[in-house]
Every structure is written in structure tokens, then in C-alpha cells.
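Subject: Structure handover

Hi,

Here is the structure for you to look through. Please open it alongside this note.

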Amino acid sequence: MHHFFVGSDQVKDNQIRITGTDVNHIRNVLRMREGEEAQISDGKNRDYHCVLRSIEKEEIIAEILEVEQSDKELLSRVFLFQGLPKADKMEWIIQKTVELGVYQIIPVEMRRCVVKLDKKKADAKVKRWNAIAESAAKQSNRSIVPEVKGVMSWKEALDYAAHCDKAMIPYELAKGMEQTRQMIRQLQPGMDIAVFIGPEGGFDIKEIEEAMERQICPITLGKRILRTETAGLTMMSILMYHLEQ
């Protein structure tokens, strides 16, 4: 069954009004017809089993047949602060971390980032990254579409993470797997969790010092050095295993 997302304001009186790019996708790409069924999520952990009643050029009206409170999301919100990687690695990171349950992805310009984006390029990238997040959310049957935020500076990222209950920064020079295990065991359902991942060149020591000043705890992911596109997936896999109910 095809899966689509809407805002909660588009759900009213046992109907859902679909607008925007999904209209063209439903009409001209999927070639769906009135009477066909679809799954629609409202981003508020509610899933709707619907039947398409009206397919017009600008909007589609779906009748709600059944409503379910979704249990597909992790019980904690995970915020991934990803140092900007080279080439198309960010697309891979977004796709896979969405599959693993990330709540929000924040691209960060760090000292050792090779990639530098001006505002115009950054805006275009973020628009594409959010489209990839939506596609991955549909594929993995998520109930929400994780947002990819605009590119932040290191200081902006530290400030943004301040609201989180726990924050961790995997660092190749961190030692002590037992300390990392203890940190993971402290994570509880309902917490907001921040994870900082460095770019290809890793973190600058000054960034680690500034993170620690903000009570962001360095942890280890083992004795091997992981690529930037592997480290975030590893963290999400660990957190999914620990937090999944």
C-alpha cells in the first residue's frame, strides 16, 4: 500500500486533503484511481487507512477508514549533528539514519570539513536532503518525516543541542568501552538525545574541548576508526537496539 504524509491541519471531518507535490505523484506517476486505498500519516504518530474519493488537478480527497496510534517511532528523540561530508555521502547518511529511527538531522560546518557551502547552495542541498528524508520515511514505514535542518555553524549546533537531556560525541581518542556502555544505559524513553559525528577529517581538539564544556560526553565506538558515514549509522543502530520497545 502506498504511503503518504500530510500535516495534521489537513485532517478534518473524517477526510484528508492531499496537496502539493504528492498530487502529481499520485495522479501521474503512480496513476492511482478513485477507490484505491492508501496509508497516510499526519506526523503526530497517527496512521490513517484511507480510500481515495476525489482526485483533482490541485488536490486529492481521501476518506478515513481506520485510525491507528502509531508505535513505529523510538520512544526517545535522537538529534544527529552531522559534520558536512564530501560528495553525496550526506544523502546516504540521511537515508539510512531515517530508516534507523532518527528524529532530526542537523548538518554542521566543522573546522575540518572539506565542503563549504554558500547560502544558495546550502538552501538547495537542504531542500534535496529533506526530499530524501521523506522518501526514506515512506519506504521504512515511519509515522513522521524526520526534518533536515539548515546548515549550522559549530557554535549554533552546540547552542541547538543545549535542550537535549543527553549528548554524546564519538571520538577516536576516547577510551574506555565500559564508560560508553554506562552512558548508553543511562538513556531512558522520553529523553532527547544529541549525537555529534565529525566529518572525514575528524573533530578538531578545540571542538572536543568546547563540547565537553557543554557537558557533551566523548564516547568510543571501538578500537577501529570508522568513516563519517559509518559512525552515525553505528550510533543509530546502538540507540535503536537500546530504545526499541
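Below is what was found in it, by topic.

**Ground rules**

This is a predicted model, in which local features need pLDDT of at least 70, side-chain atom pairs count only at pLDDT 80 or more, and totals for chains, interfaces and linings use all residues. Residues are numbered from 1 along each chain as its sequence is written, and side-chain values use heavy atoms, with hydrogens and water left out.

**Confidence**

pLDDT is the predictor's confidence in each residue, from 0 to 100. The protein averages 93. 100% of the residues score at least 70. Confidence is lowest in α5, at a mean of 89. Strand β12 (residues 192–197) has the highest, at 98.

Helices (H or I, at least four residues) and strands (E, at least two) are DSSP runs, numbered from the N terminus. Two strands pair if DSSP finds at least two bridges between them.

Start with β3, residues 15–18. Its covered face carries I16 and I18. Its uncovered face carries Q15 and R17. In a regular strand the side chains alternate between the two faces of the sheet.

β3 pairs with strand β2 (residues 11–12) in the antiparallel sense, over two bridges. Here V11 stands opposite I16. The hairpin of β2 and β3 has two residues between the strands. In that hairpin, D13 takes a positive phi near 55°.

β3 also pairs with strand β6 (residues 60–69). This pairing is antiparallel too, over four bridges. The bridge partner of Q15 in β6 is E63.

**Helix α5**

Which residues of α5 are buried? In this helix (residues 177–185), they are T180, M183 and I184. Seen down the axis of α5, they fall within an arc of 95°, so they line one face of the helix. The arc is that of the directions from the helix axis to the C-beta atoms. Buried means under 20% relative accessible area, exposed over 50%, and partly exposed in between (1.4 Å probe, protein chains only).

What covers these buried residues includes β11 (166–170), β13 (217–219) and α7 (228–243). Contact here means heavy atoms within 4.5 Å.

A salt bridge is a side-chain nitrogen of Lys or Arg within 4 Å of a carboxyl oxygen of Asp or Glu. R181 is partly exposed, at 44% relative accessible area. E178 is partly exposed as well, at 37%. Elsewhere, salt bridges that share partners join D22, E134 and K138 into one network.

**Other salt bridges**

The whole structure has 20 salt bridges. Side chains of opposite charge can pair when their charged atoms come close.

One of them joins E91 and R128 (2.7 Å, N to O). E91 lies in helix α2 (residues 89–100) and R128 in helix α3 (residues 119–139), so the pair ties together parts that are 37 residues apart in sequence. E91 is partly exposed, at 21% relative accessibility. R128 is partly exposed, with a relative accessible area of 47%.

K119 forms another with D123. The closest N and O atoms are 2.8 Å apart. Both residues lie in α3, four residues apart, so about one helical turn separates them. K119 counts as exposed, at 63% relative accessibility. D123 is partly exposed, at 42% relative accessible area.

Best wishes
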